[in-house]
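The sequence and the model are shown first, and the commentary follows.

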Amino acid sequence: VSHTGVSGHYPHWRNLDDEQLRAVANSGGTVGIMYQSSFLTNCFPLARTTHDRILDHLDHVIRVVGEDYASLGSDWDGMIIPPKGLETCLELPVLIQGMLDRKWTETRIQKVLGQNFLRALHLLRG
């Protein structure tokens with residue numbers, strides 16, 4: 001799933017439930033957490049959340065199906081309202097610092113930053 005949130009952390013019609021997370025994991029896929037603020041938390045219209053909400057959604061995916069199935073799904077196409085401070089890829093160090101602050105291992109961080117996506121893409125393409 002290229003870009004979504006998880007309803008186990010924040011219920012939203014666009015977010016995946018735990019059964020859907022398990023289906024993605026069972027297929028060898030990955031779940032990319034998107035940066036659309038309204039899918040991450042209850043925020044006022046046009047308000048922005050913080051990078052912590054992205055990490056909360058990633059933590060939920062990891063708790064439910066494991067770190068091999070969590071990815072970033074930014075969706076920086078100009079049609080979203082990203083968390084404050086994550087408007088472009090230049091701010092990724094903020095997100096990585098948040099991962100480090102949560103005591104994520106280097107291996108987990110590497111998986112979420114791209115290894116899981118590349119693994120799933122390799123499975124898809126053969």
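The side chain of D56 meets that of R53 in a salt bridge, with N and O 2.7 Å apart. Both residues belong to helix 3 and are 3 residues apart, about one turn of the helix. R53, at 24% relative accessibility, is partly exposed.

These values come from a predicted model. The mean pLDDT of the protein chain is 91, and 95% of its residues reach 70 or more. Among the elements of the chain, helix 1 (residues 18-26) has the highest mean pLDDT, 98, while helix 2 (residues 37-40) has the lowest, 86.

## Helix 3 as a whole

Helix 3 is mostly covered, with 11 of its 15 residues buried. Among the buried residues are H51, I54, L55, H57 and L58, and also V61, I62 and V65. The end C-alpha atoms of helix 3 are 22 Å apart, which agrees with the 21 Å that its 15 residues should span at 1.5 Å a residue.

V64 is part of helix 3, which covers residues 51-65. With a relative accessibility of 23%, V64 counts as partly exposed. From V64 to S74 there are 10 residues along the chain, and the C-alpha atoms of the two are separated by 21 Å.

## Salt bridges

The count of salt bridges comes to 7. One of them joins R102 to D52, where the closest N and O atoms are 3.7 Å apart. R102 lies in the loop between helix 4 and helix 5, whereas D52 lies in helix 3, so the pair ties together parts that are 50 residues apart in sequence. Both partners are partly exposed: R102 has a relative accessible area of 28%, and D52 has one of 27%. A network of salt bridges links D52, R53, D56, D59 and R102.

Another salt bridge is formed by E67 and R108, with 2.8 Å between the closest N and O atoms. This pair links distant parts of the chain, 41 residues apart: E67 is in the loop between helix 3 and strand 2 (70-72), and R108 is in helix 5. R108 is partly exposed, at 21% relative accessibility.

K103 is located in the loop between helix 4 (92-101) and helix 5. Its relative accessibility is 71%, so K103 counts as exposed. The phi angle of K103 is near 65 degrees, a positive value in a residue other than glycine. Most residues other than glycine have a negative phi.

Helix 5 has 20 residues and reaches 27 Å from its first C-alpha to its last, close to the 28 Å expected at 1.5 Å a residue. A bend of about 60 degrees occurs in helix 5 at V112. V112 is also one of the buried residues of this helix, together with I109, K111, N116 and A120.

Which residues make the nonpolar surface patch? F117, L118, L121 and L124 make this patch, which has an area of about 430 Å². F117 is found in helix 5, which runs over residues 106-125. At 46% relative accessibility, F117 counts as partly exposed.

Methods. Residues numbered from 1 in each chain as written. Predicted model: local features only at pLDDT ≥ 70, side-chain atom pairs only at ≥ 80, totals over all residues. Heavy atoms only, no water. Patch = residues over 30% accessible without salt bridge, like charges linked within 9 Å, V, L, I, M, F, W, Y side chains within 5 Å. Areas by Shrake-Rupley, 256 points an atom, 1.4 Å probe, with all protein chains shown as cover. Salt bridge = Lys/Arg side-chain N within 4 Å of Asp/Glu carboxyl O. Helix = DSSP H or I, 4+ residues; strand = E, 2+ residues; numbered from the N terminus. Buried < 20%, exposed > 50% of the residue type's maximum accessible area, 1.4 Å probe, protein only. pLDDT = per-residue confidence, 0-100. Expected span 1.5 Å × (residues − 1). Bend = angle between axes of the 7 residues up to and from the residue.
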